[in-house]
Amino acid sequence: VLKQGYNSMAQKYSNRSYTRVQPQASYKVAILGASGGIGQPLALLVKMSPLVSELNLYDIANVKGVAADLSHCNTPSKVSDFTGESELAACLRDVDVVVIPAGVPRKPGMTRDDLFNINANIVKTLVGAVADNCPDAFIHIISNPVNSTVPIAAEVLKQKGVYDPKKLFGVTTLDVVRANTFVAQKKNLKLIDVDVPVVGGHAGITILPLLSKAKPSITLTDEEVQELTVRIQNAGTEVVEAKAGAGSATLSMAYAAARFVESSLRALDGDTDVYECSFIQSELAELPFFASRIKLGKDGVEAVISSELQGLTEYEQKALEELKTELKASIEKGVAFVQKQA
Ligand code: NAD
Ligand code: LMR
């Protein structure tokens with residue numbers, strides 16, 4: 001189900017298909033913010049993974065019922081619930097992958113940066129606990145503003161002396177999922193075939209789909225490039241406005257996050273052919289953090305695929321230069337937030 005469903009970039013980017021039939025269920029995954037709009041469907045999708053043996057669900061409230069409900073699904077993983085800070089350490093012990101969708105979502109009229117004041121503290125506290133209890137885990141940050149919360153996480157891990165930049169990921173998979181969907185619709189392509197890299201960051205103009213690098217190769221007019229780029233950049237806002245005050249993307253986000261979890265687990269499990277886009281510490285674009293396609297391995301980021309930033313169109317090159325000011329400021333805001341409290 002997962003293999004067919006995720007339209008994984010890992011499969012698209014490689015020449016061989018994913019042939020695992022009955023993998024060993026052996027990895028432990030924790031979701032922090034598990035009873036939220038993203039947390040619940042994400043927990044369901046991760047519960048379906050044959051690679052997961054234990055699924056730990058943490059939230060400040062309402063997680064008992066979610067775990068009880070999910071535990072009745074007859075898939076291999078054991079589901080456990082953890083509520084409140086006193087149970088956070090137990091939730092994180094020996095975990096391989098930690099996913100963090102904890103925090104408040106946007107309402108119409110807000111930017112992701114408007115969430116900073118609340119979510120920065122939440123991410124700081126949770127990542128501190130990750131550092132203390134499972135410092136070797138892959139850490140997937142979903143909480144917005146991702147452009148700042150990932151640098152916050154890095155600073156916390158540095159202060160605790162356990163920062164491994166290869167294992168800290170800002171989840172930008174939803175941007176790729178959206179780009180693939182919108183391009184397939186526009187060009188009448190089979191969805192499973194489409195793979196568009198998205199680089200930069202995860203807010204407004206910092207989201208830069210590289211349509212010229214789409215697979216299969218597509219021909220677009222300048223107007224189509226502009227229209228698709230803006231739609232992909234504003235897709236989060238499209239959902240926020242449609243939900244009219246009831247939150248932001250949850251279902252598509254859970255789908256995208258589950259794909260990124262599955263890719264991480266496959267990499268941990270020894271698959272040597274796993275590629276995703278993610279916002280990571282990077283030297284690719286004269287910024288401390290930058291989203292691009294990466295190769296995942298057992299130890300996290302194994303390689304940054306720099307070739308996709310070469311030979312950009314004039315439109316993409318200009319957009320890349322233009323996004324740097326905003327992205328740099330968001331990164332610096334996250335770093336300063338942790339450093340000034342030290
Ligand atoms: P939500 O309000 O439905 O759920 C958030 C959950 O976090 C709630 O269950 C809440 O109890 C929990 N929480 C709050 N403080 C916590 C803490 N200290 N420890 C543990 N849990 C805590 O929100 P949502 O729709 O699930 O969105 C969550 C976050 O994900 C938001 O910041 C949103 O902007 C972000 N998001 C990111 C992307 C992306 O592409 N990276 C996409 C969609 C949403
Ligand atoms: C998204 O892209 O859907 C998320 O970042 C949520 C939001 O606030 O738009």
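Student: In this predicted model, which helix gives the largest share of the shell around ligand 2?

Tutor: The largest share, 4 residues, comes from helix 10, which covers residues 235-243. The residues that surround ligand 2 include Gly 236, Thr 237, Val 239 and Val 240, together with Pro 105, Arg 106, Arg 112 and Asn 144. Sorted by class, that shell around ligand 2 holds 5 nonpolar, 5 polar and 2 charged residues.

Student: What surrounds ligand 1, and which residues are the closest?

Tutor: Ligand 1 is surrounded by 32 residues, and the closest are Gly 33, Gly 36, Gly 37, Ala 102 and Asn 144. Here the largest share of the shell, 3 residues, is supplied by helix 6, residues 116-133, and the division by class is 17 nonpolar, 13 polar and 2 charged residues. Asn 144 is listed among the residues around ligand 2 and among the closest to ligand 1.

Student: What is the peptide bond between Asn 144 and Pro 145, cis or trans?

Tutor: The bond that joins Asn 144 and Pro 145 is cis, with omega about -5°. Pro 145 has its place in the loop between strand 5 (138-141) and helix 7 (146-159).

Student: What makes helix 7 count as mostly covered?

Tutor: The cut-off for a buried residue is 20 or more other C-beta atoms within 10 Å of its own, and 12 of the 14 residues of helix 7 are buried. Among them are Val 146, Asn 147, Ser 148, Pro 151, Glu 155 and Leu 157.

Student: Why is Gly 334 called buried?

Tutor: Gly 334 has 27 C-beta neighbours inside 10 Å, and since the term buried asks for 20 or more, Gly 334 counts as buried. Gly 334 is found in helix 12, residues 314-339, and the C-alpha atoms of Gly 334 and Ser 148 are separated by 4.4 Å, although these residues are 186 residues apart along the chain.

Student: Why does Ser 26 count as partly exposed?

Tutor: Ser 26 has 14 other C-beta atoms within 10 Å, while a residue is exposed at 12 or fewer and buried at 20 or more, so Ser 26 falls in between and is partly exposed. Ser 26 is found in the loop between helix 2 (9-13) and strand 1 (27-32). Ser 26 and Asp 269 are 243 residues apart in sequence, yet their C-alpha atoms are 9.0 Å apart in space.

Student: What makes the phi values of Asn 188 and Ala 244 worth a remark?

Tutor: Most residues other than glycine have a negative phi. Asn 188, however, has a phi near 55°, and Ala 244 has a positive phi of about 50°. Asn 188 lies in the loop between helix 8 (173-187) and strand 7 (198-200), whereas Ala 244 lies in the loop between helix 10 and helix 11 (251-268).

Student: How many residues of helix 11 are buried?

Tutor: Helix 11 is mostly covered, with 15 of its 18 residues buried. One residue of helix 11 is Glu 262, which is buried because 27 other C-beta atoms lie within 10 Å.

Conventions: Residues numbered from 1 in each chain as written. Chains lettered and ligands numbered in written order. Predicted model: local features only at pLDDT ≥ 70, side-chain atom pairs only at ≥ 80, totals over all residues. Near = placed C-beta within 6 Å. Helix = DSSP H or I, 4+ residues; strand = E, 2+ residues; numbered from the N terminus. Nonpolar A, V, L, I, M, F, W, Y, C, P; charged D, E, K, R; others polar.
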